[in-house]
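Let's work through a few exercises on pockets and cores. Keep the structure open while you go.

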Amino acid sequence: MQKSAGVLTVLALKHTALCLILLPRFLLAALMLCLLDVLCIRRKVLLKMEGSSPEDPPVCVSDSNKMFTLESLRAVWYGQKLDFFKSAHLGLIAPNTEVVQLQERRRVRVLDYVKGRRPLILNFGSCSCPPFMTRLAAFQRVASQYADIADSLLVYIEEAHPSDGWVSSDAPYQIPKHCCLEDRLKAAQLMHSEVPCSSVVVDTMDNSSNAAYGAYFERLYILRDERVVYQGGRGPEGYRISELRNWLEQYRNDLENSSRTVVVHV
(Lines give C-alpha, C1' and ligand atoms only; values in the text may rest on other atoms or scores of the structure.)
Protein backbone atom coordinates (compact mmCIF):
# COMPACT_ATOMS: atom_id res chain seq x y z
CA MET A 1 0.00 0.00 0.00
CA GLN A 2 2.86 2.34 0.91
CA LYS A 3 4.60 1.49 -2.35
CA SER A 4 1.45 2.26 -4.35
CA ALA A 5 1.09 5.58 -2.55
CA GLY A 6 4.73 6.38 -3.33
CA VAL A 7 4.29 5.59 -7.01
CA LEU A 8 1.17 7.75 -7.17
CA THR A 9 3.04 10.61 -5.50
CA VAL A 10 5.88 10.40 -8.02
CA LEU A 11 3.40 10.38 -10.91
CA ALA A 12 1.55 13.35 -9.46
CA LEU A 13 4.81 15.30 -9.07
CA LYS A 14 5.84 14.36 -12.61
CA HIS A 15 2.58 15.59 -14.11
CA THR A 16 2.74 18.76 -12.02
CA ALA A 17 6.26 19.50 -13.27
CA LEU A 18 5.11 18.81 -16.83
CA CYS A 19 2.26 21.29 -16.51
CA LEU A 20 4.50 23.98 -15.04
CA ILE A 21 7.06 23.57 -17.82
CA LEU A 22 4.66 23.32 -20.74
CA LEU A 23 1.92 25.68 -19.57
CA PRO A 24 3.58 28.96 -20.71
CA ARG A 25 4.30 27.50 -24.15
CA PHE A 26 0.80 26.05 -24.38
CA LEU A 27 -0.85 29.33 -23.40
CA LEU A 28 1.19 31.18 -26.02
CA ALA A 29 0.09 28.68 -28.68
CA ALA A 30 -3.53 28.99 -27.52
CA LEU A 31 -3.32 32.79 -27.77
CA MET A 32 -1.95 32.51 -31.30
CA LEU A 33 -4.77 30.18 -32.32
CA CYS A 34 -7.29 32.61 -30.89
CA LEU A 35 -5.75 35.55 -32.77
CA LEU A 36 -5.71 33.55 -36.02
CA ASP A 37 -9.50 33.30 -35.81
CA VAL A 38 -9.57 37.05 -36.43
CA LEU A 39 -9.53 36.99 -40.23
CA CYS A 40 -7.60 40.23 -40.74
CA ILE A 41 -4.81 38.92 -38.47
CA ARG A 42 -4.86 35.51 -40.16
CA ARG A 43 -4.46 37.08 -43.60
CA LYS A 44 -1.57 39.28 -42.44
CA VAL A 45 0.23 36.26 -40.96
CA LEU A 46 -0.25 34.24 -44.14
CA LEU A 47 0.90 37.19 -46.24
CA LYS A 48 4.19 37.30 -44.35
CA MET A 49 4.75 33.65 -45.26
CA GLU A 50 4.68 34.38 -48.99
CA GLY A 51 8.46 34.76 -49.06
CA SER A 52 9.00 31.08 -48.27
CA SER A 53 11.42 29.01 -50.32
CA PRO A 54 10.14 26.84 -53.19
CA GLU A 55 10.49 23.75 -50.98
CA ASP A 56 8.37 25.33 -48.24
CA PRO A 57 5.31 26.81 -49.94
CA PRO A 58 2.99 28.73 -47.60
CA VAL A 59 0.02 26.76 -46.36
CA CYS A 60 -3.37 28.34 -47.04
CA VAL A 61 -5.89 28.36 -44.20
CA SER A 62 -9.45 28.88 -45.37
CA ASP A 63 -11.53 31.54 -43.65
CA SER A 64 -14.04 28.86 -42.68
CA ASN A 65 -11.49 26.95 -40.60
CA LYS A 66 -11.76 27.53 -36.86
CA MET A 67 -8.34 27.56 -35.18
CA PHE A 68 -9.35 28.04 -31.54
CA THR A 69 -11.47 25.07 -30.50
CA LEU A 70 -11.42 22.48 -27.74
CA GLU A 71 -10.10 19.89 -30.21
CA SER A 72 -7.33 22.21 -31.41
CA LEU A 73 -6.22 22.87 -27.84
CA ARG A 74 -6.16 19.14 -27.12
CA ALA A 75 -4.07 18.55 -30.25
CA VAL A 76 -1.58 21.30 -29.39
CA TRP A 77 -1.18 20.05 -25.82
CA TYR A 78 -0.72 16.48 -27.05
CA GLY A 79 1.94 17.53 -29.55
CA GLN A 80 3.85 19.56 -26.97
CA LYS A 81 3.72 16.70 -24.50
CA LEU A 82 5.08 14.25 -27.09
CA ASP A 83 7.92 16.64 -27.90
CA PHE A 84 8.78 17.03 -24.22
CA PHE A 85 8.94 13.28 -23.55
CA LYS A 86 10.50 12.15 -26.86
CA SER A 87 13.62 9.98 -26.68
CA ALA A 88 15.09 11.13 -30.01
CA HIS A 89 17.59 13.95 -29.57
CA LEU A 90 20.27 15.42 -31.81
CA GLY A 91 23.56 13.53 -31.43
CA LEU A 92 22.05 10.68 -29.39
CA ILE A 93 21.14 7.10 -30.28
CA ALA A 94 18.14 6.95 -32.62
CA PRO A 95 15.12 5.09 -31.21
CA ASN A 96 14.73 1.82 -33.12
CA THR A 97 10.94 1.74 -32.98
CA GLU A 98 8.67 -0.81 -34.59
CA VAL A 99 6.79 0.05 -37.79
CA VAL A 100 4.63 -1.88 -40.26
CA GLN A 101 5.46 -2.14 -43.96
CA LEU A 102 2.71 -0.81 -46.19
CA GLN A 103 2.81 -3.46 -48.89
CA GLU A 104 4.06 -6.59 -47.11
CA ARG A 105 2.37 -5.62 -43.82
CA ARG A 106 5.31 -7.08 -41.97
CA ARG A 107 6.55 -5.63 -38.68
CA VAL A 108 10.08 -4.26 -38.92
CA ARG A 109 12.26 -1.67 -37.19
CA VAL A 110 13.13 1.83 -38.35
CA LEU A 111 16.87 1.09 -38.38
CA ASP A 112 16.27 -1.90 -40.69
CA TYR A 113 16.09 0.71 -43.47
CA VAL A 114 19.59 2.01 -42.79
CA LYS A 115 22.05 0.89 -45.49
CA GLY A 116 25.58 0.87 -44.21
CA ARG A 117 26.75 4.36 -43.30
CA ARG A 118 24.31 6.12 -45.62
CA PRO A 119 22.04 8.67 -43.92
CA LEU A 120 18.38 7.71 -43.57
CA ILE A 121 15.80 10.50 -43.86
CA LEU A 122 12.64 9.99 -41.80
CA ASN A 123 9.57 12.01 -42.77
CA PHE A 124 6.65 11.71 -40.34
CA GLY A 125 3.16 12.86 -41.30
CA SER A 126 -0.41 12.03 -42.31
CA CYS A 127 -2.86 12.70 -45.15
CA SER A 128 -5.02 15.05 -43.07
CA CYS A 129 -2.10 17.42 -42.41
CA PRO A 130 -2.13 20.29 -44.97
CA PRO A 131 1.53 21.41 -44.47
CA PHE A 132 2.78 17.84 -44.81
CA MET A 133 0.75 17.10 -47.94
CA THR A 134 1.49 20.51 -49.50
CA ARG A 135 5.23 19.83 -49.21
CA LEU A 136 5.16 16.12 -50.01
CA ALA A 137 6.06 16.64 -53.67
CA ALA A 138 8.95 18.92 -52.68
CA PHE A 139 10.19 16.27 -50.26
CA GLN A 140 10.09 13.66 -53.01
CA ARG A 141 12.11 15.91 -55.32
CA VAL A 142 14.76 16.50 -52.66
CA ALA A 143 14.89 12.80 -51.75
CA SER A 144 15.34 11.89 -55.43
CA GLN A 145 17.98 14.57 -55.95
CA TYR A 146 20.12 13.16 -53.14
CA ALA A 147 19.25 9.47 -53.58
CA ASP A 148 22.88 8.77 -54.51
CA ILE A 149 24.04 9.64 -50.99
CA ALA A 150 20.99 9.10 -48.71
CA ASP A 151 17.89 6.94 -48.33
CA SER A 152 14.43 8.09 -47.25
CA LEU A 153 11.43 6.63 -45.45
CA LEU A 154 7.92 8.03 -45.00
CA VAL A 155 6.36 7.10 -41.65
CA TYR A 156 2.59 7.45 -41.47
CA ILE A 157 1.47 8.50 -37.98
CA GLU A 158 -1.91 9.29 -36.42
CA GLU A 159 -4.02 11.87 -38.25
CA ALA A 160 -3.19 15.52 -37.58
CA HIS A 161 -6.69 16.72 -38.45
CA PRO A 162 -9.06 13.76 -38.24
CA SER A 163 -12.60 14.28 -39.48
CA ASP A 164 -13.86 13.38 -35.99
CA GLY A 165 -11.40 15.67 -34.21
CA TRP A 166 -9.72 18.98 -35.12
CA VAL A 167 -11.12 19.18 -38.65
CA SER A 168 -9.34 21.11 -41.40
CA SER A 169 -11.25 21.80 -44.60
CA ASP A 170 -7.88 22.43 -46.29
CA ALA A 171 -6.79 18.82 -45.81
CA PRO A 172 -6.83 16.90 -49.13
CA TYR A 173 -8.42 13.90 -47.41
CA GLN A 174 -11.02 13.73 -44.62
CA ILE A 175 -10.02 10.71 -42.54
CA PRO A 176 -11.35 9.78 -39.08
CA LYS A 177 -9.11 8.70 -36.21
CA HIS A 178 -7.60 5.28 -36.81
CA CYS A 179 -9.41 2.61 -34.79
CA CYS A 180 -7.18 -0.25 -35.94
CA LEU A 181 -4.04 -0.93 -37.94
CA GLU A 182 -6.08 -1.58 -41.07
CA ASP A 183 -7.42 2.00 -40.91
CA ARG A 184 -3.89 3.37 -40.75
CA LEU A 185 -2.70 1.18 -43.62
CA LYS A 186 -5.59 2.35 -45.81
CA ALA A 187 -4.78 6.00 -45.06
CA ALA A 188 -1.09 5.43 -45.79
CA GLN A 189 -2.02 3.91 -49.14
CA LEU A 190 -3.61 7.24 -50.11
CA MET A 191 -0.37 9.03 -49.30
CA HIS A 192 1.68 6.45 -51.18
CA SER A 193 -0.45 7.07 -54.28
CA GLU A 194 0.83 10.68 -54.22
CA VAL A 195 4.50 9.57 -54.19
CA PRO A 196 4.52 5.98 -55.51
CA CYS A 197 8.31 5.80 -55.69
CA SER A 198 8.75 6.36 -51.94
CA SER A 199 9.18 3.75 -49.24
CA VAL A 200 6.26 3.96 -46.80
CA VAL A 201 5.68 2.36 -43.40
CA VAL A 202 3.05 3.04 -40.74
CA ASP A 203 3.43 3.59 -37.03
CA THR A 204 2.01 0.89 -34.77
CA MET A 205 -1.30 1.51 -33.02
CA ASP A 206 0.48 2.29 -29.74
CA ASN A 207 2.10 5.22 -31.64
CA SER A 208 5.58 4.23 -30.50
CA SER A 209 7.43 6.02 -33.32
CA ASN A 210 5.33 9.15 -32.95
CA ALA A 211 6.08 9.23 -29.22
CA ALA A 212 9.79 8.41 -29.54
CA TYR A 213 10.42 11.07 -32.19
CA GLY A 214 7.88 13.68 -31.03
CA ALA A 215 6.62 13.65 -34.60
CA TYR A 216 3.07 15.04 -34.26
CA PHE A 217 1.88 16.98 -36.37
CA GLU A 218 4.78 16.36 -38.83
CA ARG A 219 8.55 16.23 -38.51
CA LEU A 220 11.82 15.48 -40.31
CA TYR A 221 14.84 13.56 -39.01
CA ILE A 222 18.08 12.19 -40.44
CA LEU A 223 19.78 9.16 -38.90
CA ARG A 224 23.35 8.02 -39.50
CA ASP A 225 25.43 5.43 -37.67
CA GLU A 226 22.33 4.78 -35.54
CA ARG A 227 22.36 8.34 -34.24
CA VAL A 228 20.22 11.40 -34.87
CA VAL A 229 22.30 13.78 -37.00
CA TYR A 230 19.47 16.13 -37.98
CA GLN A 231 16.32 16.94 -36.05
CA GLY A 232 13.80 19.21 -37.72
CA GLY A 233 11.46 21.43 -35.78
CA ARG A 234 7.90 20.48 -34.85
CA GLY A 235 5.35 21.07 -37.56
CA PRO A 236 3.82 23.04 -38.89
CA GLU A 237 6.09 26.03 -38.27
CA GLY A 238 9.29 23.99 -37.87
CA TYR A 239 8.70 21.62 -40.78
CA ARG A 240 11.19 22.83 -43.41
CA ILE A 241 12.10 20.86 -46.54
CA SER A 242 14.63 23.61 -47.33
CA GLU A 243 16.53 22.79 -44.12
CA LEU A 244 16.62 19.14 -45.15
CA ARG A 245 17.98 20.08 -48.59
CA ASN A 246 20.65 22.33 -47.02
CA TRP A 247 21.81 19.53 -44.71
CA LEU A 248 22.05 17.06 -47.59
CA GLU A 249 23.91 19.55 -49.77
CA GLN A 250 26.43 20.18 -46.99
CA TYR A 251 26.80 16.43 -46.46
CA ARG A 252 27.45 15.92 -50.18
CA ASN A 253 30.10 18.66 -50.14
CA ASP A 254 31.76 17.06 -47.12
CA LEU A 255 31.84 13.69 -48.89
CA GLU A 256 33.41 15.23 -51.99
CA ASN A 257 36.02 17.10 -49.97
CA SER A 258 36.96 14.01 -47.96
CA SER A 259 37.36 11.93 -51.13
CA ARG A 260 39.89 14.28 -52.68
CA THR A 261 43.51 13.22 -52.31
CA VAL A 262 46.16 15.81 -51.65
CA VAL A 263 49.31 15.38 -53.70
CA VAL A 264 52.45 16.77 -52.05
CA HIS A 265 55.40 17.43 -54.36
CA VAL A 266 58.78 16.91 -52.70
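**Exercise 1.** Which helices each supply at least two residues of the lining of the largest pocket?

*Solution.* Before we start: this is a predicted model, where local features need pLDDT of at least 70 and side-chain atom pairs count only at pLDDT 80 or more, while totals for chains, interfaces and linings use all residues. Residues are numbered from 1 along each chain as its sequence is written, and side-chain values use heavy atoms, leaving out hydrogens and water.

Step 1: go through the helices (DSSP runs of H or I, at least four residues, numbered from the N terminus). The answer is α1 (2-36), α2 (39-48), α3 (70-85) and α4 (130-134).

Step 2: pick the top contributor. That's α1, with six residues.

**Exercise 2.** What does tyrosine 156 touch?

*Solution.* Touching here means contact, with heavy atoms within 4.5 Å. Skip residues up to four places away in sequence, and the list includes Gly125, Cys127, Ile175, Arg184, Met191 and Val202. Tyr156 is also among the residues with the most contacts inside the largest nonpolar core, which has 46 residues. Such a core is a set of buried (under 20% relative accessible area, 1.4 Å probe, protein chains only) Ala, Val, Leu, Ile, Met, Phe, Trp, Tyr and Cys residues joined through side-chain atoms within 4.5 Å.

Definitions and conventions. Buried < 20%, exposed > 50% of the residue type's maximum accessible area, 1.4 Å probe, protein only.
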